[in-house]
Amino acid sequence: MSNITGNEIIHQYLRHNKKFPHVLCAGCGHGIVLGTLIRSIHSLGIPKDDVVVVAGIGCSGRLAVYVDFNTVHTTHGRALSFATGIKMSNSHLHVIALMGDGDALSIGGNHLIHAARRNIGVTAMILNNSIYGMTGGQSSPATPEGSTTMTNPYGQLDHSFDIVELARGAGANYVARGTVFHVNQLEKIMVEALERPGFSLVEAVTPCHTQFGRKNKYKTPVDMYKWLKSTAIPLERYNELPEDKRAGRMPIGVFVDRGRPGYEERYYAMQENFLKQAAKGAGR
Amino acid sequence: MPRPRKRTEIFALGNEAVVEGALLAGCSFFGGYPITPSSEIMEIMAARLPRLEGGVFMQMEDEIASMGAVIGASLSGRKAMTATSGPGFSLMQENLGYAVMAETPMVLVNVMRGGPSTGLPTSPAQGDVQQARWGTHGDHPIIVLSASNVQECLDMTITAFNMAEKYRTPVILLLDEVTSHTREKIEIPNEGEYEVFSRTVPSMPPEWYKPYEETVRGVPPMPPLGSGYRFHVTGLTHDRNGFPTQRPEEVVELMERIHRKIDQFFYDIQIVEEIMTEDCDVCVIAYGSVARSAELAVQQARSHGVKAGLLKLMTLFPYPRRQTEKILAHAKTLVVPEMNMGQMSREVKRVNMGHAAVRTINRVDGQIVTPSEIFKVIMQG
Ligand SMILES: Cc1ncc(C[n+]2csc(CCOP(=O)(O)OP(=O)(O)O)c2C)c(N)n1
Ligand code: SF4
């Protein structure tokens, strides 16, 4: 990893002509996720022109506007479909989809499973704050059972989605989970996800004290980070725990790493064959 | 002088002609989801595109994703299209609005079928005319084209791509089942015999580039993603730099420009065919397959000594007002036959403003409008 300081990186990657301040609440984890993304791109030495950040709608979706890459702020839930068109049109680009948990799992659930099934070469990041932040704290498919939200004043009845299991089942090539409390690990995961062919999915657990914490006994950002610290546990250690000790713990680390080629690779190989055949036919 | 090359003639389905037109126009990306009666467009694309250098065909998981992929491809510099029918068209509306707002060229073919809802899957209808105009939310300009025979399916698809690129906007090609599923002999034009327009790309250095800056034509140049011009694309109301804004003067500037870039080129966008309209007393205004029935009816009426004419609309929106007004100077009656409850006759009445009598013929039973039906109404005067 490079020894450049945080500030210098910021100057290199933030948009100087964008009017700041940003829209995020003080203490929001989304900024940390953006920081890890920028540092991982920087450490891999990927030119800014080769990066396309495609974002959905929500607090997470707003991140795209601040960074000096090619950025596309799409419609709610649809980031992965836009990303698919971009990747297939120009497969050397690093296409990164930033989505909220509501964005990716609820309205965009179908696109998520099919992007994974196709194994399209996109790096997807789900910023999981277990709530709809931007619209004021309604429950999302990742809201833990029993917690209170604006649309679940009597407690969430639905089970919450396990993003990792969903992505694994759908066929994603690389699946990992990290948290904004465990920043170094999150950055390492991001670097790997960017390097892998095919569909990579990183779940970044990030706190929203404004909409989720306030209603669920984590009043301040600090309470939320303490909660992350105490719940998250490395996958290897989690696997060693007896069943009854696992409740309430959240394993973090790399869950799937299959090394399968991406859809675009398979598509262009097929096309190459057609073109060769045609050239041969024409030469005869 | 080189002898003009003879055109290739093929016997093709309307839907097939759409594909031919798209490929001639330079389309290299298709994303779609199957639905009757548009599916052949997708199936033929699936066979053709992978065999062309750089051609990409993708069957997406639904129509919403199809539009997303097409917009993504267009932002990456491709000429891209999708094709669908009623229920799929409904699903495409949100991202259609995005394409308008982000000024993304693309072609959307909607082969209309009876509705509402899943309606009459294999029967002809023209029920999506107003949805094409107003389907996506918010005030927006839109270009909607149509075709009434198989040759026109090819020609108008090329035109649709050209307009999309010229005006940086989605263009809708509205067809009906009769035209899409008719098989006719058509001519494939030779290269050079038709215009192919591609979007203007910026020529200034990237640091100077403002993605949504005013230009003479109102259409800012558009670089492909990843070509060194890094900018922000959003469906939010944005300033000249592409960044979200809520400042009234910037909001108004954007809204006025996206309307003006279409309004100022009505002469280029509004395409009609005028058949015996110069002196007509009765003028039929029709589009799609109905225009073919109308043409026959008009000829019959003429042979009976009635001065009838046909204004065939190839552009549905922006509605060809100028061409209609010209006819209103002498026509006493306008006849508007269509396979819906009266979606285009609303436009005609709006332009007519009481000058002539407007008679409508409306069918919503999945049956075509016949020449004799139109003839009868013409003869009533
Ligand atoms: C089609 C559509 N439905 C609803 C909305 C309203 N909306 C905006 S953001 C959002 C949820 C955002 O939550 P999430 O994706 O979890 O992101 P966060 O704000 O928490 O980062 C919703 C429902 C919308 N913009 N578009
Ligand atoms: S509402 Fe929540 S997710 Fe949105 S910026 Fe504030 S803390 Fe972050």
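This is a predicted model: local features need pLDDT of at least 70, side-chain atom pairs count only at pLDDT 80 or more; totals for chains, interfaces and linings use all residues.
**Exercise 1.** Find which chains surround ligand 1, and decide whether the site is shared.

Solution. 
Step 1. Look at the surroundings: 18 residues surround ligand 1, and the closest are Cys59(A), Gly102(A), Asp103(A), Asn129(A) and Gly133(A).
Step 2. Check the chains. The residues around ligand 1 come from chains A and B, so the site is shared between chains.
Step 3. Look for the element that gives the most to this shell. Helix α4 (residues 101-107) of chain A does, with four residues.
Step 4. Sort the shell by class: six residues are nonpolar, nine polar and three charged.

**Exercise 2.** List polar contacts of ligand 1 with His30(A), Ser60(A) and Gly133(A), and state how much of the ligand the protein buries.

Solution. 
Step 1. Take the side chain of His30(A): one of its N or O atoms is 2.9 Å from an oxygen atom of ligand 1.
Step 2. Turn to the backbone. A polar backbone atom of Ser60(A) is 3.0 Å from an oxygen atom of ligand 1, and for a polar backbone atom of Gly133(A) the distance to an oxygen atom of the ligand is 2.8 Å.
Step 3. Consider the area. Ligand 1 taken alone exposes 590 Å², and the protein buries 77% of that.

**Exercise 3.** Describe the length and burial of helix α1 (residues 14-25) of chain B.

Solution. 
Step 1. Compare the spans. The twelve residues of α1(B) reach 17 Å from first C-alpha to last, close to the expected 16 Å.
Step 2. Apply the cut-off for buried, under 20% relative accessible area. Ten of the twelve residues of α1(B) are buried, so the helix is largely enclosed by the rest of the structure. Among them are Val18(B), Val19(B), Glu20(B) and Leu23(B).
Step 3. Go past the end of the helix: just after α1(B), Gly26(B) has a positive phi of about 100°.

**Exercise 4.** Ser130(A) and Lys217(A) have positive phi values. Decide for each residue: buried or exposed?

Solution. 
Step 1. Ser130(A) counts as buried because its relative accessibility is 9%.
Step 2. Lys217(A) counts as exposed because its relative accessibility is 71%.

Key. Residues are numbered from 1 along each chain as its sequence is written. Chains are lettered from A and ligands numbered from 1 in the order in which they are written. Side-chain values use heavy atoms; hydrogens and water are left out. A residue is near a molecule or strand if one of its heavy atoms lies within 4 Å of it. A polar contact is a pair of N or O atoms within 3.5 Å; within protein, one must be able to donate a hydrogen and the other to accept it, and residues adjacent in sequence count only if both atoms are side-chain atoms. Accessible areas come from the Shrake-Rupley method with a 1.4 Å probe; for residues, only the protein chains shown count as cover. Helices (H or I, at least four residues) and strands (E, at least two) are DSSP runs, numbered from the N terminus. Ala, Val, Leu, Ile, Met, Phe, Trp, Tyr, Cys and Pro count as nonpolar, Asp, Glu, Lys and Arg as charged, and the others, Gly among them, as polar. The expected span of a helix is 1.5 Å times one less than its number of residues. Buried means under 20% relative accessible area, exposed over 50%, partly exposed in between (1.4 Å probe, protein chains only).
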